[in-house]
Amino acid sequence: MKTLALITILSVFSMSLTSMAQANSKESYYTNQMANYATIIGRATACGSDPTKELKKVGVWMDQWFDELNLSQKMRATYLNIFMEGTKHHLLQQKSGNSPDTCKSVQKAFRSL
């Protein structure tokens, strides 16, 4: 009987770890995408694009994955701050000529959002 209980506990524990790993994998995927969007939007803004429409789309997308991962309000605020700081960083990098991308290539990537 004790062996069966131990097997059950280990199975539940294993399933929990698997679920956590999948959630972390999803969170990593989403944060990588978020960083990509911050890069493109920041650089494109420095190149003269109006990011209003794209920022709204990214905001809706972020709300969706925040909900999917059941993130706390504190984590949501943290991710939004990271996104905006990343966007600002890439805008300043593009403006100062410290970006590896030309405005032409940035605009092309921006139009694909």
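Trainee: In which helix does Arg76 lie? Please take me through its surroundings too.

Mentor: Happy to! This is a predicted model, in which local features need pLDDT of at least 70, side-chain atom pairs count only at pLDDT 80 or more, and totals for chains, interfaces and linings use all residues. Residues are numbered from 1 along each chain as its sequence is written, and side-chain values use heavy atoms, with hydrogens and water left out.

Arg76 lies in helix α3. Helices here are DSSP runs of H or I with at least four residues, strands are runs of E with at least two, and both are numbered from the N terminus. The chain has four helices and zero strands, so to read it from the N terminus you follow the order α-α-α-α.

Is Arg76 buried or exposed? With 14% relative accessibility, Arg76 counts as buried; the word means under 20% relative accessible area, while exposed means over 50% and partly exposed lies in between (1.4 Å probe, protein chains only). Across the chain, 28% of the 113 residues are buried. Setting aside residues up to four places away in sequence, Arg76 touches Asp63, Phe66, Asp67 and Leu71, where a contact means heavy atoms within 4.5 Å. Asp63 is 13 residues from Arg76 in sequence, and their C-alpha atoms are 8.4 Å apart.

Now look along α3 itself. Thr87, for instance, has a relative accessible area of 9% and, beyond its neighbours within four places in sequence, is in contact with Ala38, Ile41 and Gly42.

Just after the helix, Gly97 takes a positive phi of about 80°. In the loop between α2 and α3 sits Asn70, which is exposed at 66% relative accessible area. Asn70 has a positive phi of about 55° although it is not a glycine. Most residues other than glycine have a negative phi.

Next come the rings. Phe66, which Arg76 touches, belongs to one aromatic cluster along with Tyr29, Tyr30, Tyr37, Trp61, Trp65 and Tyr79. A search of the whole structure finds eight aromatic pairs. Rings of Phe, Tyr and Trp (its six-membered ring) pair if their centres lie within 6.5 Å; planes under 30 degrees apart count as stacked, over 60 as edge-to-face and the rest as tilted. Tyr37 and Trp61 make an edge-to-face pair, 5.1 Å from centre to centre with 85° between the planes. Tyr37 is in α1 (residues 2–46) and Trp61 in α2 (residues 52–68), so this pair ties together parts 24 residues apart in sequence. Tyr37 is partly exposed at 21% relative accessible area, whereas Trp61, at 18%, counts as buried. Leaving out neighbours within four places in sequence, Trp61 is in contact with Tyr30, Gln33, Met34 and Tyr37.

Trp61 also leads us to the largest nonpolar core. Such a core is a set of buried Ala, Val, Leu, Ile, Met, Phe, Trp, Tyr and Cys residues joined through side-chain atoms within 4.5 Å. Of its 17 residues, Met34, Trp61, Met62, Trp65 and Phe83 touch the most other members. The elements giving two or more residues to this core are α1, α2, α3 (73–95) and α4 (103–111).

That brings us to α4, where Val106, Gln107 and Phe110 are buried. Seen down the axis of α4, these residues fall within an arc of 100°, so they line one face; the arc is that of the directions from the helix axis to the C-beta atoms. On the other side, Lys104 and Lys108 are exposed. The Gln107 side chain makes a polar contact of 2.5 Å with the side chain of Ser49. A polar contact is a pair of N or O atoms within 3.5 Å; within protein, one must be able to donate a hydrogen and the other to accept it, and residues adjacent in sequence count only if both atoms are side-chain atoms.
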